[in-house]
Amino acid sequence: MSSTFSTQASSYGTPLSPLSNLQHDYPSPSLPYVSSSPAEKLAACPAASAAATRIIAAAGQITSIVQKPFLFMSDASMVYTVPACLRLIEHLHVVEILRDAEDERQRLLSELRIIAELHGWANNSSALAHPLRLLSTHHILRETAPDTFALTRVATLLDSGKSVADVFAKYKKYEDTSGIAAFVGLCTDELFKSAAYLTEAFTGVQLPLAPPGTFNLAFNTPVPFFDGREPGKSFRLERFSQAMIGTNGWEAPGAILTGFDWLSLPRGSTIVDVGGGIGSTTMILARAFGGNPGRRGSFRFIIQDRPVVVGLGLDAWRAQCPEMLESGQVTFYDLNRHPAVYMLRVVLHDWPDARARHVLLNLRLASSPETRLIIADHVLPLACWTLDSVLAHLEGAHGTLAPAPLLPNLGKASATPFSMDIVMHITFNGKERTLRELCALALSSGWRIARVTYSKGSHFGHLVCEPV
């Protein structure tokens, strides 16, 4: 792709960037994704990101119009082949193998033979070309010659950065990574398998003594998703913890820092990260507002989660920020009433309304009138043209995201949160929620949403709630 965009002015005559007289090619699809490169930085700027979003929305909508209806439906009906192939290349560490190839002339079938030999089925190496070709057809890999494959800008996100030998070491692939490979592994393994049972779950089929949801049907177990997994014994548990780090891609880097006016809090305030996992979000805050207890914006942090996850979190903090644990600035699982802030990042979507309301009521009972609650979750935009009057005066609320004739929720460009909505249902009987649903849920449990901010180019929102 060689099209060039300028930072001088948009078609409306307004500056796109404070930079002037600079031009860059859009990031090449054949080069690795490097967030610090000038092209990636410019592509991530608000104006370019907004333009890209509309292009994606328009391209998806145009495809639905011009493609033959049967072919459109056929593609939609067989799209499951893409995550199936993604899981294969993630599980076989194909990205690391392709990256380690010394030059493209050596790739041919050699990387396929390497993969086959590592897994003990050398006679079947040519079969691997077929799933790699499907992914090339979907612009995730590149076929540069017959049975010759290379990485793309997109595929490099799966790269753990480790050597081929290291990634084949059991349970070590996801440590000290962005978590994106772990997230893809999670989505294409237990979540993908569970999705096949969506119809059964909606029509009331379930196992005896099992919670409602397709995960239990898919894995033929009465045990809920998070139960029965112990550190060191459950590869999926450890992968899940790393996958949650990977979900930071839903937000702009450091979005939690601008989702709330942290410096408005008194010095020494306590911030509680409820269901905070290993504490990746808290780590961003602690690094920004940690240090000398006497300086402005120095807070105390508490991370709460299940004991099995707390153990993983302590290991992560001892490796990255041991001084914060030693000083007591960051602690795990302490009970604290009346903190300055409670945080719920990607927690409420795990639960149906009744259970989510129970969580919010408990937090309300443990809050003072000055306590604030931050809900960080996807906020689903509607696919119709409306803005409820009850939301019209909510700071940060918006009705439509695109002009006609585009879908008001940006259609294809907004697919991720709607997919996550179904994922939450199949895994936990939970859901992502619209802003209207979130406002009603908060009010029913003693909270009022006062403001919502969105990560740039995303439907991931930070909702600041006040007690009522």
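Is His349 buried or exposed? In this predicted model, His349 has a relative accessibility of 4% and therefore counts as buried, the cut-off for that class being under 20%.

**His349 and its surroundings**

His349 lies in the loop that joins strand S8 (341-345) to helix H17 (353-365). When neighbours within four places in sequence are set aside, the contacts of His349 are Asp377, Met420, Met424, Gly430, Lys431, Glu432 and Arg433. Val423 stands 74 residues from His349 in sequence, while the C-alpha atoms of the two are 9.8 Å apart in space.

**Helix H18**

Helix H18 (residues 415-428) consists of 14 residues and spans 20 Å from its first C-alpha to its last, close to the 20 Å expected at 1.5 Å a residue. Its buried residues are Pro417, Met420, Asp421, Val423, Met424, His425, Ile426, Thr427 and Phe428.

After H18 comes Asn429, which has a positive phi, near 60°.

**The packing of H4 and H7**

Helix H4 (residues 81-91) packs with helix H7 (residues 129-137) at an angle of about 120°, and their axes are 9 Å apart. The two helices are therefore oblique to each other, and their crossing is left-handed. H4 contributes Thr81, Val82, Cys85, Leu86, Leu88 and Ile89 to the contact, and H7 contributes Pro131, Leu132, Leu134 and Leu135. Sorted by class, the contact comprises nine nonpolar residues, one polar residue and no charged residues.

Methods: Residues numbered from 1 in each chain as written. Predicted model: local features only at pLDDT ≥ 70, side-chain atom pairs only at ≥ 80, totals over all residues. Heavy atoms only, no water. Axes fitted to C-alpha atoms, helices over the stretch in contact; angles between N-to-C directions. Helix = DSSP H or I, 4+ residues; strand = E, 2+ residues; numbered from the N terminus. Parallel < 35°, antiparallel > 145°, perpendicular 65-115°, else oblique. Left-handed = near helix turned anticlockwise from the far one by under 90°. Contact = heavy atoms within 4.5 Å. Nonpolar A, V, L, I, M, F, W, Y, C, P; charged D, E, K, R; others polar. Expected span 1.5 Å × (residues − 1). Buried < 20%, exposed > 50% of the residue type's maximum accessible area, 1.4 Å probe, protein only.
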